[in-house]
Amino acid sequence: MQHHGRVKKATARAGGERRSPAHPLARFVRTASCLLAAAFVLLIHVLTLAPTVTGEDSGELIAAAYQFGVPHPPGYPLWTILCGIWLHVLPFGNIAWRANLFSAACTAAAVFILAAVLRRMGFRPLASCAAAAVAGLTAAVWSQSVITEVYALNLLMIALLMWLVVRWHQDRQRQWLVWAALVVGLGMCNHHTMGLAALGLALWAVAREPNILKDVRLLVRCVIALALGLAPHVYLLWAARRNMPVNWGETTTLAALWEHVGRSQYKSKTSVDAPIDMTLGLLLGRLFYAVRWLTTQFTPILIPLIAAGFIWLYRRRVRRPLFWLVVMMWACGSALFCYLEGPRLDRQDEFVHKVFHTPMALVFAIPLAAGLHWGLTSMRALRGRLRPIPVALFSLVAAMGVVAAPLLAHWRENNMRHYWYASDHARNMLACMQPNSIIFPSGDHNTFPLIYLIHVEGFRPDVTIADKYGYVDPPLYADMPDSPGKPRTLDEREAIEKWV
């Protein structure tokens with residue numbers, strides 16, 4: 001009886017509803033509703049999926065995964081392994097299309113888990129599924145789900161982490177925290193923004209139960225699980241020794257691995273500029289940017305519903321922990337990037353950094369589900385005046401309208417179904433080159449589609465891309481007199497290029 005009371009109290013604190021063990025049919029219906037939301041998002045993404053290689057990192061990532069090589073820093077070993085297996089197991093479609101489909105599948109899986117998380121938080125099935133589907137159709141998430149990128153898998157790992165932490169908070173079984181630590185480690189093998197989401201969830205968990213910091217055995221188990229989650233980084237050591245066409249950073253030693261995973265090749269603005277004087281005006285500018293980003297992603301139509309959900313979560317004592325969960329994850333997910341973005345935030349910065357905020361789509365699905373839940377629950381009062389069927393029908397229409405808002409708003413900008421530009425441009429460049437040419441492309445948008453065509457599709461394998469990695473490939477100047485080795489300065493790079 002005492003254990004039952006503790007579990008009931010913990011469930012209430014989590015903002016969920018205490019439910020007796022569900023009938024198998026009820027469990028099936030709940031699972032089916034989550035699958036329906038995920039299937040709908042997957043259908044939309046497949047309909048707008050890019051048919052071949054696109055710009056940005058697509059071509060280089062596809063080549064690295066297909067040949068199990070090493071992509072650009074930090075190496076993304078988890079994504080490379082999983083996508084590589086996916087490319088070789090899937091029996092249809094060209095290689096680039098398969099890789100694009102992997103992104104869509106990861107987002108759909110994240111939507112499924114998010115819907116399950118929202119259901120565990122006690123929101124109505126319609127509210128949970130609609131909010132999860134909206135998260136998968138926000139502008140930034142959608143844009144990364146129809147091309148080859150690592151952010152869809154990042155969403156999947158963060159959604160899984162949220163499910164584990166919420167599961168722990170409801171039954172206080174601490175093995176869920178150990179599994180969560182393992183997922184954090186695995187997620188860090190894909191994208192480092194997992195650490196920001198994990199920080200927000202960790203702070204929330206400690207605030208709800210400070211005693212977990214005194215459980216030494218639990219902390220040791222979590223550290224071991226975290227270390228095991230980081231183990232896929234060993235893949236980079238193995239892959240670099242295979243000397244595949246995409247072998248960024250030559251991570252054959254622990255020092256080179258550390259340098260690659262730590263992104264030392266890239267220097268943020270804050271690492272080269274003077275310390276930033278974060279004035280009140282800059283902070284307000286960052287806040288305005290965050291609100292504008294949120295409005296753009298969820299559309300202005302849904303912002304009042306999200307705001308109403310925030311207010312409802314805070315005013316209901318049993319739901320208030322969810323309010324603070326959203327606040328902590330938003331703060332941790334945004335604070336670092338507000339610093340890294342430097343004192344000036346122009347349009348180019350916003351375009352480049354928008355993908356780093358994609359986990360916020362999962363976070364703000366919580367107040368969206370709360371607002372929709374509150375609205376649907378309030379409609380129960382109409383049952384005394386109207387028949388249940390019209391009320392249920394109106395609820396379904398309302399949920400469909402919520403999903404339709406981002407679907408209609410973002411379809412045109414994210415419809416990549418007819419996008420052939422990067423492939424055609426790269427193919428035309430290669431087609432007009434002399435045999436056995438060496439090319440120095442300028443920028444990732446030129447370089448990475450070439451990598452895909454040459455090393456995956458086998459088009460013009462006689463052409464050598466000199467600077468696939470942002471610097472000249474070392475074997476091309478191995479016999480250069482007074483070779484500086486791996487270039488560390490712009491002068492060294494220019495000298496190498498001139499010699500080649």
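Helix 8 is largely enclosed by the rest of the structure, because 18 of its 21 residues are buried (under 20% relative accessible area, with a 1.4 Å probe and protein chains only). Helices here are DSSP runs of H or I with at least four residues, numbered from the N terminus. Helix 8 covers residues 151–171 and reaches 31 Å from its first C-alpha to its last. That is close to the 30 Å expected at 1.5 Å a residue, taken as 1.5 Å times one less than the number of residues. Just after helix 8, Arg-172 takes a positive phi of about 60 degrees.

This is a predicted model, in which local features need pLDDT of at least 70, side-chain atom pairs count only at pLDDT 80 or more, and totals for chains, interfaces and linings use all residues. Residues are numbered from 1 along each chain as its sequence is written, and side-chain values use heavy atoms, without hydrogens or water.

The chain averages a pLDDT of 86 (the predictor's confidence in each residue, from 0 to 100). At least 70 is reached by 86% of the residues.

The lining of the second largest cavity holds eight nonpolar residues, two polar and no charged. Nonpolar means Ala, Val, Leu, Ile, Met, Phe, Trp, Tyr, Cys and Pro; charged means Asp, Glu, Lys and Arg; the others, Gly among them, are polar.

Definitions and conventions. Helices (H or I, at least four residues) and strands (E, at least two) are DSSP runs, numbered from the N terminus. Buried means under 20% relative accessible area, exposed over 50%, partly exposed in between (1.4 Å probe, protein chains only).
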